[in-house]
Each structure stands twice: as C-alpha cells, then as structure tokens.
Amino acid sequence: MGCCVSTAPEPKIVSTEQEKVEEKKTEEQKPEEQKPKEQKTEEEKKSDGKTRNIDQLDNRITVNIIQGRNLPAADAIGSSDPYVKVTFVSKSNPDKPLEESRTRIISNRSNPVWNDTIVCEGVGIISDCKAIIFDVWDYDTATADDFLGTASITNFT
C-alpha cells in the first residue's frame with residue numbers, strides 16, 4: 001500500500017451571496033489573464049519590419065567531400081596523390097571567388113577517401129553563390145600538380 005499526498009488546494013466553500021458574486025468575477029478574470037498571446041501572421045511579421053531577407057543573414061554552405069573513384073594514374077608508379085580544390089564562385093564578382101579551399105592529399109591512391117568538410121560562411125553567400133567547382137589534382141613535389149578532372153554544381157539557389 002502506498003500513500004499519496006495532494007498539493008491541490010481545498011475547494012472554497014462560499015456561504016454568502018456576496019462571496020458567490022466575487023468568486024464568479026475572479027473566475028471570469030482568470031481565463032483572460034491566462035490567455036496566450038496571439039501568434040503574428042506572416043503579414044504582420046512583414047509589416048513590423050522584423051522579417052529579414054536571406055541576403056541580410058549570416059549564411060553557411062557546407063560541402064562534404066567523401067571519395068573519388070577510378071582516378072587516372074598521374075605518377076610514374078601507377079597511382080596518384082589526389083586532392084580536391086573547392087571553389088565557391090560569386091555571381092556579383094566571378095573573378096573573385098567567395099571561398100577557395102582544398103582537401104588533404106591522399107598518397108598513392110586511385111580510389112581516395114577524404115571524408116573532408118569544406119565550409120563557406122558569410123552574409124548573403126547563399127544568394128551570391130553562382131556555382132561550386134570541384135577540381136581534382138594530383139600533388140607533385142618536383143613539378144607542377146597534374147589536373148585529373150572537374151565537376152561542378154550550378155543553379156542550386
């Protein structure tokens with residue numbers, strides 16, 4: 001057998017007509033006080049000037065470079081030392097990229113696994129990003145790096 005303790009208030013016993021009227025007034029006022037504030041409609045949000053355009057917000061584009069498959073051999077030993085250069089191309093200034101970054105180099109692999117993440121952050125970059133270009137290169141210590149291939153994503157906004 002268990003024991004229960006109730007914290008609920010005891011019911012109020014109203015004995016006079018005056019107290020009954022006061023009790024009724026008090027109960028009628030409570031629901032009004034406890035009413036939740038009404039949610040603003042989309043129209044009201046726009047009219048009060050607090051809605052922001054996506055160009056005014058701090059944006060982030062995250063790209064995950066997972067792996068490459070069957071990359072051509074660029075080295076004399078029959079494999080490559082690949083890395084991926086990622087370029088976020090700007091609509092407003094195509095000559096100056098929003099961001100350029102690259103993955104780490106994976107030595108002697110034609111099927112490299114990078115599992116790298118590249119992030120481009122800034123105000124309004126989502127609407128300003130025209131394309132994301134992925135250039136795959138073979139790293140060489142003695143000579144210029146060799147181009148292995150490219151891929152791009154366009155029209156994503």
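Guide: The accessible surface of the protein comes to about 12,100 Å², and 48% of that belongs to carbon and sulfur atoms; such areas come from the Shrake-Rupley method with a 1.4 Å probe, and for residues only the protein chains shown count as cover. The model is predicted, and local features need pLDDT of at least 70, side-chain atom pairs count only at pLDDT 80 or more, while totals for chains, interfaces and linings use all residues. Residues are numbered from 1 along each chain as its sequence is written, and side-chain values use heavy atoms, with hydrogens and water left out.

The protein has three helices and six strands, where helices (H or I, at least four residues) and strands (E, at least two) are DSSP runs numbered from the N terminus. Their order from the N terminus is α-α-β-β-β-β-α-β-β. Of the 157 residues, 25% count as buried, a word that stands for under 20% relative accessible area, with exposed for over 50% and partly exposed for values in between (1.4 Å probe, protein chains only). Among the contacts (heavy atoms within 4.5 Å) with a separation of 6 or more, 65% join residues 24 or more positions apart.

Now the interior itself. A nonpolar core is a set of buried Ala, Val, Leu, Ile, Met, Phe, Trp, Tyr and Cys residues joined through side-chain atoms within 4.5 Å. The largest one holds 17 residues, of which Ile 65, Val 86, Phe 88 and Ile 132 touch the most other members. Two or more residues each come from strand S1 (58-67), strand S2 (82-90), strand S4 (113-123) and S5. The largest share, four residues, is that of S5.

Ile 118 gives a view from strand S4. This isoleucine is buried at 5% relative accessibility. Neighbours within four places in sequence aside, Ile 118 is in contact with Ile 61, Thr 62, Val 63, Ile 65, Val 86, Phe 88, Ser 101 and Arg 102. Ile 61 is 57 residues away along the chain, yet the two C-alpha atoms are separated by 8.4 Å. Arg 102, one of these contacts, has its charged end over the ring of Tyr 83, 4.3 Å from the ring centre; the test is that NZ of Lys or CZ of Arg is within 6 Å of the ring centre and within 35 degrees of the ring normal.

Asn 115 is also found in strand S4. Most residues other than glycine have a negative phi. Asn 115 has a positive phi near 50°, and Asn 70 likewise has a positive phi of about 50°. Asn 70 is in the loop between S1 and S2 and is exposed, at 66% relative accessibility.

Next come the cysteines. A disulfide is a pair of cysteine sulfur atoms within 2.5 Å, and the count under that rule is zero. Cys 120 is in none, the nearest cysteine sulfur being that of Cys 129, 6.4 Å away. Cys 129 is likewise in no disulfide, and Cys 120 holds the cysteine sulfur nearest to it. Cys 120 is buried at a relative accessible area of 1%, and Cys 129 is also buried at 1%.

Pro 82 belongs to strand S2 and is buried, at 0% relative accessibility. Residues up to four places away in sequence not counted, Pro 82 touches Leu 71, Arg 104, Ile 105, Ile 106, Arg 109, Pro 112, Trp 114, Val 136, Trp 137, Asp 138 and Leu 148. Pro 82 and Asp 145 are 63 residues apart in sequence and 9.5 Å apart in space, C-alpha to C-alpha.

Rings of Phe, Tyr and Trp (its six-membered ring) pair if their centres lie within 6.5 Å, and planes under 30 degrees apart count as stacked, over 60 as edge-to-face and the rest as tilted. The count is one aromatic pair. Trp 137 and Phe 147 form it edge-to-face, at 5.3 Å centre to centre and 75° between the planes. Trp 137 lies in strand S5 (residues 129-138) and Phe 147 in strand S6 (residues 146-154), so the pair ties together parts ten residues apart in sequence. Trp 137 is partly exposed at 23% relative accessibility, and Phe 147 is partly exposed at 45%.
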